[in-house]
Every structure is written in structure tokens, then in C-alpha cells.
Amino acid sequence: MQKPELLAPAGSLEKGKMALLYGADALYLGGTNFGLRAFASNFDKETMREMIEYAHSLNKKIYVTVNIVPHNEDLINLPEYLLELQELKVDALIISDLGVWNIAKNTVPQMSLHVSTQANTSNWSAVEMWQKLGADRVVLARELGLTEIAEIKDKTKMELEVFVHGAMCISHSGRCLLSNYMAGRDANKGACVQACRWKYSLVEENRPNEHFPVLEDERGTYIFNSKDLCLINYVPELIKAGVDSFKIEGRMKSMHYVASVVSVYRQAIDSYFAAPENYIVQEKWLEELAKVSHRSYTQGFMTGKTDENSQVYTTSSYQQTHDFVGLTVKYDALAKRLYIEQRNNIKSGEELEILQPNGKLLSLVLVDMQDDKGQEISVAPHPRQIISVPYLQFVAENSLVRRKINV
């Protein structure tokens, strides 16, 4: 049994590097065109080159999304862009549209092609057809259960990629027109405003000026608002079903989110392969997934169709138990001081925790806090301010420093 790839989102160069440091085997990212996250930082040619060179230096891979639903004018500059991606040594292209697929096969025939989840592939015959068209991998629709995934694998032997964590769309695998109709921004071209998260009321045809709120409580309801997917409890079953790549959603998410979630799934996958017969979902993993910004979690379609419990009816807000406040930059073993780059206001006396890239947690109390000139300070209010505090044990660089939220 082969260990599945852990595939993480890279919304920026920093987020991508952190995802790799925290255990991702590969990244998927978008360029400035042809991808479905128009509001992410995305990558121009030079930052993409840096990201690819960094990943390849770690023997890890980069996949680039070319998965918009294009019109004729969108295809004009596509061949040039594909040749650029080939020159940059991208490991695979993620495509949903047959027209883009056709141009890619003719322009960069040696490049590996993955079928995007936007293609809505939900049966073995569709996977077989993509295989005949030269696909190396299919990203399955989110609307599939374990038995369906296993059957597809058994019938096709194709590489299969499955989303295991992150935001869910109410529309079939992301094919949605709500944003287009309501805000003039095309979700299928990367400009979704997430209209499904808005608050709605009911209007009766003969009483157009009367709005009837569909109340769950006094704050209203969000009837299209899906919970976030979390399949940490299904890691063994997905592996046994033959899934080749575990995909985490979130190119718009924070660095803290991406690193923390990657860390949990890295530990879960490695734990299973170390001792399959003794595998259990550890409580600390569930606690870790609660620390990042998220909606309530759902198992999605893993064991069948979703029901009313898969939606959030009371709010479009996120929940989390911890705030990200800093990133470690250096440990001075001689002086026994830990240097931290501040990312949120911190004060002397605060109790914090540290998540290291290897998944281990440490506790930290801010005492004898000094600025970068060695002057004692009681507060670090400036963005990216470098501070140091005494610490008796080594802490890895790029460890996440965070503070529990008092609710």
C-alpha cells in the first residue's frame, strides 16, 4: 500500500513554503491568469519560479491551476502561458475544460495533466474517458462517498485525488452562478463573492415588498451556507479505497491555517503507516483543527448523501480557539533566547503556545521581552516587529506562535 500524497494550497510564496515545511508533499497554486482564485495573491512568473525551485529542492512538487471555464477570448494567450509553465518546470497542470485540455495537449504534449474537480467527475466511466484523453490524475467531485471512490479506483486504476479538508460549495463541485447573478462576478472565472454565505429572506410573489425571514434564531439564517469538510476520521478508509492524493482546500486561507491543517494530516497519515493496526484519531489533532479559523465541520458525502446537519443556519462567521500572533525566526542557544517576528499585538506576561514544523507543541510565557536593539519592552504593537524572550530549549525556525482566545 502506497502512502498518499499530501497536497496543500499555496495562496502566496510564504504560505507555500510554510505548507511544505509543515509536511505537504506537493502544492497547488494559481498564476495571475486562468485560475479560479482571482482574489488570492497568486503567482507571477518570478514568484512561481522561486516557489518551484524551493519545492524541487525538497523533492516536492508544484501543480498549477488552469481551471477557469473559458470563453473564446480567454484562449488567445493560453498557448504562450502554457509554454511559460513548461519552461518553469511545473510538475502538472490542473484543467477542467476540454478546450483548454485540447490546447494543452497540442502545445505542451509532454506535460502531466490533472483533471480539476471543476470537471465534476463522479463516476468510473468519466474517469476512464479522461484516461483515454491522456490524464495522469483525476480530482474527484466532492459529492462522492467511500464506496464510490473505491469502485472508481478498482475499475480504472487511475491516480485519484480527493478533497479531505476545507470549505464546501453548495453547488456541484463549485459550478455555481449565484455570484454571477447577484454581484456580477463569475465564480467560474475565479471571482466568486461567496453569495451562498449571505443572509436570505423569503419573498412571496404577490407581496414583493414584504420580506419573511427564515429564522433559526434571532440572528437569522444562512440557508446555503455549508459546513467545512473535515475527513480526519476517515484517513484509513480513504487510504484503503486507493486515494493517491489527499487535498486540502484553502488558497484564500491564512498561513496559520494552512500550516496547522497540513501538520495534522501529515501526522495522521504517518501515524497510520507506522502502525495501521493501532491507528486512532488523536484528540490533539481534533484540538488543532479547532484552533484555526473554520466553520463547523462535516464529513460531507463520505458515508452517503448530506442532510440538513451539513449546513450552517445561524451565521456566516468563522470560529476558532486560537489567534496567530507570531513566527519564530531564530533560537540563540548561547544566550538562551527565542526570537519571534510579531504578527499580532502581544504583551508581556501573556501565555502563548508554539507549534513546531514537526507537529510538537510547546508553551511560552512572555517575560523579559526585548526589542531588536535589546531594550526591554512591555508590548510589541508594530507589524513584523522582532522581539526576543528567554527560553531554555531549542525551538525550530518558522514555528507558529499563537494565543488562546478568551470566549
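Okay, hi everyone. Before anything else, please keep in mind that what you see is a predicted model. Let me start with the whole chain and then zoom in.

The chain has 407 residues, and 52% of them count as buried. Its secondary structure comes to 10 helices and 20 strands. The accessible surface is about 19,100 Å², and carbon and sulfur atoms account for 49% of that.

Now, let's zoom in on helix α4, residues 98-107. Which residues of α4 are buried? They are Val100, Trp101, Ile103 and Ala104. Those four cover an arc of only 165° around the axis, so they sit on the same side of α4. If you're wondering about the spacing, here's the general idea: an α-helix has 3.6 residues a turn, so residues three or four places apart point the same way.

And what do the buried residues of α4 pack against? The list is β3 (61-66), α3 (78-87), β4 (92-95), β5 (113-115) and α5. On the face turned away from the buried side, you find the exposed residues Leu98 and Asn106. Then look at the N-terminal end of α4, which is capped by aspartate 97. A side-chain oxygen of aspartate 97 lies 2.8 Å from the backbone nitrogen of glycine 99.

Together with Met129 and Leu133, Leu98 makes a nonpolar surface patch of about 270 Å². Methionine 129 belongs to helix α5, residues 124-132. Is methionine 129 buried, exposed or partly exposed? With a relative accessible area of 44%, methionine 129 is partly exposed, because buried would need under 20% and exposed over 50%.

Next topic: charges. Side chains of opposite charge can pair when their charged atoms come close. How many salt bridges are there in this model? The count comes to 24.

Let me show you one of them, lysine 291 with glutamate 353. Their closest N and O atoms are 2.8 Å apart. This pair links distant parts of the chain, since lysine 291 is in helix α10 (residues 283-291) and glutamate 353 is in strand β16 (residues 351-355), 62 residues apart. Lysine 291 has a relative accessible area of 7%, so it counts as buried. Glutamate 353 is at 16%, so it counts as buried too. What else does lysine 291 touch? Leaving aside neighbours within four places in sequence, the contacts of lysine 291 include His256, Gln320, Leu361 and Arg402.

Arg402 turns up again if we move to serine 260. That serine lies in helix α9, residues 255-274. Serine 260 is buried, with a relative accessible area of 1%. Not counting residues up to four places away in sequence, serine 260 touches Glu288, Val292, Leu355, Leu400 and Arg402.

Arginine 343 pairs with glutamate 341, and the closest N and O atoms are 2.7 Å apart. Arginine 343 is partly exposed, at 22% relative accessible area, whereas glutamate 341 counts as buried at 15%. Then there's lysine 373 with aspartate 372, where the closest N and O atoms are 3.9 Å apart. Are lysine 373 and aspartate 372 buried or exposed? Both are exposed. And some salt bridges share partners: Glu5, Arg137, Glu159, Glu161 and Lys247 are joined that way into one network.

Last stop, isoleucine 340. You'll find isoleucine 340 in strand β14, residues 337-342. Isoleucine 340 is buried, with a relative accessible area of 1%. Leaving aside neighbours within four places in sequence, isoleucine 340 is in contact with a list of residues that includes Leu327, Val329, Leu364, Ile386, Ile387, Val389 and Val401. Isoleucine 340 and lysine 330 are 10 residues apart in sequence, and C-alpha to C-alpha they are 7.3 Å apart in space.

Key: Residues are numbered from 1 along each chain as its sequence is written. This is a predicted model: local features need pLDDT of at least 70, side-chain atom pairs count only at pLDDT 80 or more; totals for chains, interfaces and linings use all residues. Side-chain values use heavy atoms; hydrogens and water are left out. Patches are made of residues with over 30% relative accessible area and no salt bridge: like charges are joined within 9 Å, nonpolar side chains (Val, Leu, Ile, Met, Phe, Trp, Tyr) within 5 Å. Accessible areas come from the Shrake-Rupley method with a 1.4 Å probe; for residues, only the protein chains shown count as cover. A salt bridge is a side-chain nitrogen of Lys or Arg within 4 Å of a carboxyl oxygen of Asp or Glu. Helices (H or I, at least four residues) and strands (E, at least two) are DSSP runs, numbered from the N terminus. Buried means under 20% relative accessible area, exposed over 50%, partly exposed in between (1.4 Å probe, protein chains only). The arc is that of the directions from the helix axis to the C-beta atoms. Contact means heavy atoms within 4.5 Å. A polar contact is a pair of N or O atoms within 3.5 Å; within protein, one must be able to donate a hydrogen and the other to accept it, and residues adjacent in sequence count only if both atoms are side-chain atoms.
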